[in-house]
Amino acid sequence: MIDRAAVYVSTADDVLTAQIAVAYRPLAFRAIVAAVRAGARTVYVPGTFRDTAIGAAVAASQRARDAVVWLKDGDLPEPGPLVLLPAAVLIPVEVLRPLLGGSPGTAIAAPGGTDAPALTVDAAMAKALGGALAAGTPLGDEIAGLGLRPAIDPRGVVARDADGRAEAERRLRAALGSAIDTRLDVQLHRRFSCYVTRAAITAGVTPNAITLASLVLGLAAVWCFWSATTGSALVGLFIYVIAVILDHADGEVARLTLTESRVGEWLDTVTDTSVHALTVVGMGVTCQELTGMGVSLGLVGAAGIVASAFVHKWWPPQGAGGMGGAVEDFGSRDGFYALLLIFIGLRTFAAWLLPVLMVVVALGSNAYWVVRAAWAVRGRP
């Protein structure tokens, strides 16, 4: 296993290309991010880049700061094999992992980028190239002299021109989606979260700050559903949509800037859970005021939301499908939107049916953790 990487430039023009932003961060920073996520513990970067936008991007990410070693002219990387990463080519994480886990002498190139492959070199070659790596001088001729025949991987993108950078940015954006994104997430939330993400990264707003803003808006939506009129509930629905867009943007900012953290992960979970649970309580309060019952059902539903959220967090499912998959679909974001719309409809046209809805909410919100517990008793994941 090779756990060290180095960023290099293949041509003189690549020195400037490496500093051009792709998805709001310099292209060379994208190489650093990919290396860290692929498992590299140390990433050597020419010191000439330190006082550029590349250095600023590294300084803004704790994980990047921990991994990057700035090489001054005359420095050499520590002895041992290296993975060399081209600064002007977007190489995805899934392409780099096999290189870090492989042996020296392997090379992978993007289509049209055989002069700038990602490759592994042994300790002797790493030492021979060390001076040029530190100085940030082009290594294209030296790498060509190795006689390697890089495997062409279409997942890589040469970003030396505007078209290449546009394609690299498109692929980075496409990778921001989550495995649990619903159709509504893709068609609505992600369409608008990209604008928030761009503004936040440009302004230096952190993912956790965006999450807190989402929490504030979510609580405002909760207030609109508490003792709700039809008008206030519609306003609450609109505010909730904005809060969800921010909820998507915080993760996008974190992934694009390599600023994910355990604190941020838990803050996101607590925010989502609190807003959903309190919204259900608010619906119960409205139901109580209109029909004389509903608060207790709202509290049971909120407890189920909290329990299900933390069961999912502490004990994530090992697979999808089956009864567990059906329950997860019922409790998805799309399902919560459906709940809000049904609540607004009943509040407007058939308030006497609200207790029935609250019974369904109380049962449905507890279904996930109950099913998971039952499966555990039966020895299923």
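Select α12 and α13, which are therefore roughly antiparallel to each other (angles over 145 degrees count as such). In this predicted model, local features need pLDDT of at least 70 and side-chain atom pairs count only at pLDDT 80 or more, while totals for chains, interfaces and linings use all residues. Residues are numbered from 1 along each chain as its sequence is written, and side-chain values use heavy atoms, with hydrogens and water left out.

Helix α12 spans residues 262-291 and helix α13 residues 295-314, and the two pack at an angle of about 165° with their axes 7 Å apart (axes are lines fitted to C-alpha atoms over the stretch in contact, and angles run from 0 to 180 degrees between N-to-C directions; helices are DSSP runs of H or I with at least four residues, strands runs of E with at least two).

Next, display the side chains where the two helices meet, including W266, H276 and V280 in α12 and L299, I305 and F310 in α13 (contact means heavy atoms within 4.5 Å).

Now turn to the second largest cavity, which has a volume of about 50 Å³ (a cavity is a set of points on a 1 Å grid over the protein atoms alone where a 1.4 Å probe fits but cannot get out, and lining residues have an atom within 4 Å of a point; the volume is the space filled by probe spheres set on the points, which are joined across faces, edges and corners). Select R30, A31, A34, L85, P86, V89, L90, I91 and L96 to show its lining, of which α2 (27-38) gives the largest share, three residues.

Finally, select S214, Y240, D247, D272 and R333, which are among the residues lining the largest cavity, whose volume is about 60 Å³.

Key
Parallel < 35°, antiparallel > 145°, perpendicular 65-115°, else oblique. 1 Å grid on protein atoms, 1.4 Å probe; cavity = no way out; pocket = protein on both sides within 12 Å on 5 of 7 lines; lining within 4 Å.
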